[in-house]
Amino acid sequence: MIHYEDNFAHVNLPSLDLQPNYVFTDLPQFQHPEMLNCVDKLLDHHIKEGRGNLPCIRTFEAIWTYQELYEKANQIAHVLISDLRLQSGSRVLIRSTNNPMMVACWFAVLKAGGIVVATMPLLRSKELTTIINCAEISHAFCDKELEEEIHLVQSDYLKETCFYGNSELEELMASKPKTFDNYHSKSDSVALIGFTSGTTGLPKMTSHYHKDILNICEAFPQYALQPTPNDIFTGSPPLGFTFGLGGLVLFPMYFGASTFLLEKPTPDHLLKAIEEHKITICFTAPTAWRVITTKVNEFDISSLRKCVSAGETLPLKVWQEWYEATGLKIIDGIGATEMLHIFISSNDSYMKPGATGLAVTGYEAKIIDKKGNELSTNEAGRLAVRGITGCKYLNREDKQIEYVENGWNITGDIFRKDEDGYFWFVARGDDMIISSGYNIAAIEVESVLLTHDDILECAVVGLPDEERGMLVCAHIVLKEQHKATDAMKNRIQHWFKEVAAPYKYPRVIHFTEFLPKTETGKIQRFKLK
């Protein structure tokens, strides 16, 4: 057994009997040697194979080759060991926008034998303190432009904070060797910890092994994208979100392609990058796809060949409008921080507009009732998944028992499976509105509202009501704010009852200028509730 100086992650893993069953691990692409540091395959391998001069990371200001990223990651690894005295197994927080130095730090931590905890750049000191205390984080890398909040963190665990961006990290790197012997990790050693989004109270720490990181690169990308070294990836999700980490770092580098990183991924910047740098694969959230559809005619996006949406379900209207505007079919997908990346999706050969898709290579899924019994075709129930990755909460046996049932990961989503095996999203388990005995999925109401000519965005939640139990409440952003009148509310309600089941109509409507969202583009419905 390998020895770690800091054994926190290992001792806080759930016991084997509480972990999910892993399947498909006998397939050749998912088999790994006992000793494995995933950086060897993702980065060092390209140098050994003579591809160091190829583009790796692009921005509007610069291009880094694989050789440059490799050398900087090696220098940072030396800084971690010699200057910051990192112990193997220790957790290192990274606070940054999506930029090349963040990627270099990410690889450096794993090279040095540490565990990465990448965070969203908008987190404040209170949230950072909670993360640091939960994961007992001893070290942090922070972009100099985001230093204010981390200076406000007060934790006995955090021993070293190093800033980059013409700052101390670059000064320390300057004298360090450009080669480094990667730490000899085991394939089932924890490589990263991801904190679940949208949680209240004590957050949950999901852990993933070195082999998990490589496994997801052989799953969704091979199934849906068929990447080549000529591809250029881009997108809006932060690298602190596993959707962004996979789509913007792991997948392109696994296949020797390049990535274009946006520190400020506005719709205009995203479209400008696609036009100027001939992007071929784009990852973003449904809300962003909806916005860029309205602007796409102002840009040349002819290089784009694959469009990926995740984070929350993709409304059919958004899919249709993008297809009509571009001729491109958005690939919808569902993943989870607990599973690391997308496990149900579509591809060019297998796609039904409106459906999420089929289980990707390496996973299987089913629909179950509250007792765990598999449901019949088109019956709505709980989504259960298992495969090459799975939920491993650290130090949260109570939550582990909730998420893993009989070896299956229970995602908290309500789905149905049709006669062809396609999975269709119905609702989040906590987004089901029960009104006067009717089960009403918030997403169904939202999907109808989004077809109204005057509605730009909307989010639907349930409001407690003594008479009906709950009321359907819609928070609506209009395309033209001056139309936000009581008369418009009435028109929307009457229109809804004409185009959908009347019992689903929003009895309460609030007009708003914007919807609260996370950095990943998810609507924060808990704030609306």
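The largest cavity has a volume of about 50 Å³ in this predicted model. The count of cavities of 30 Å³ or more comes to two. The lining of the largest cavity is made up of Leu 314, Leu 316, Trp 319, Ile 330, Asp 332, Ser 346, Met 351, Lys 352, Pro 353, Gly 354 and Ala 355. Two or more residues of this lining are given by each of the elements α13 (316–326) and β13 (330–335).

Thr 356 lies in the loop that connects β14 (342–345) with β15 (358–359). The relative accessible area of Thr 356 is 3%, and because buried means under 20%, this residue is classed as buried. Once neighbours within four places in sequence are set aside, the contacts of Thr 356 include Asp 332 and Ser 346, and both of these residues also belong to the lining of the largest cavity. Further residues in contact with Thr 356 are Gly 333, Ile 334, Ile 344 and Ser 345, together with Phe 415, Phe 423 and Phe 425.

An open sheet is formed by three strands in the order β23-β24-β25, and its pairing is mixed. Neighbouring strands are turned against each other by 25 degrees on average, direction ignored. Strand β24, which spans residues 469–478, runs parallel to β25 and is joined to it by four bridges. Within this part of the sheet, His 475 is placed opposite His 510 of β25. Helix α16, covering residues 486–499, lies across β23, β24 and β25. The direction of helix α16 is at about 130 degrees to β25.

Ser 15 is found in the loop between α1 (8–12) and α2 (38–48). With a relative accessible area of 35%, Ser 15 is partly exposed, because this value falls between the limits of 20% for buried and 50% for exposed residues. The side chain of Ser 15 is joined to that of Asp 17 by a polar contact of 2.5 Å.

Notes. Residues numbered from 1 in each chain as written. Predicted model: local features only at pLDDT ≥ 70, side-chain atom pairs only at ≥ 80, totals over all residues. Heavy atoms only, no water. Buried < 20%, exposed > 50% of the residue type's maximum accessible area, 1.4 Å probe, protein only. Contact = heavy atoms within 4.5 Å. Pairing = 2+ DSSP bridges. Axes fitted to C-alpha atoms, helices over the stretch in contact; angles between N-to-C directions. Polar contact = N/O pair within 3.5 Å; in protein donor to acceptor, adjacent residues only side chain to side chain. 1 Å grid on protein atoms, 1.4 Å probe; cavity = no way out; pocket = protein on both sides within 12 Å on 5 of 7 lines; lining within 4 Å. Points joined across faces, edges and corners; volume = space filled by probe spheres on them.
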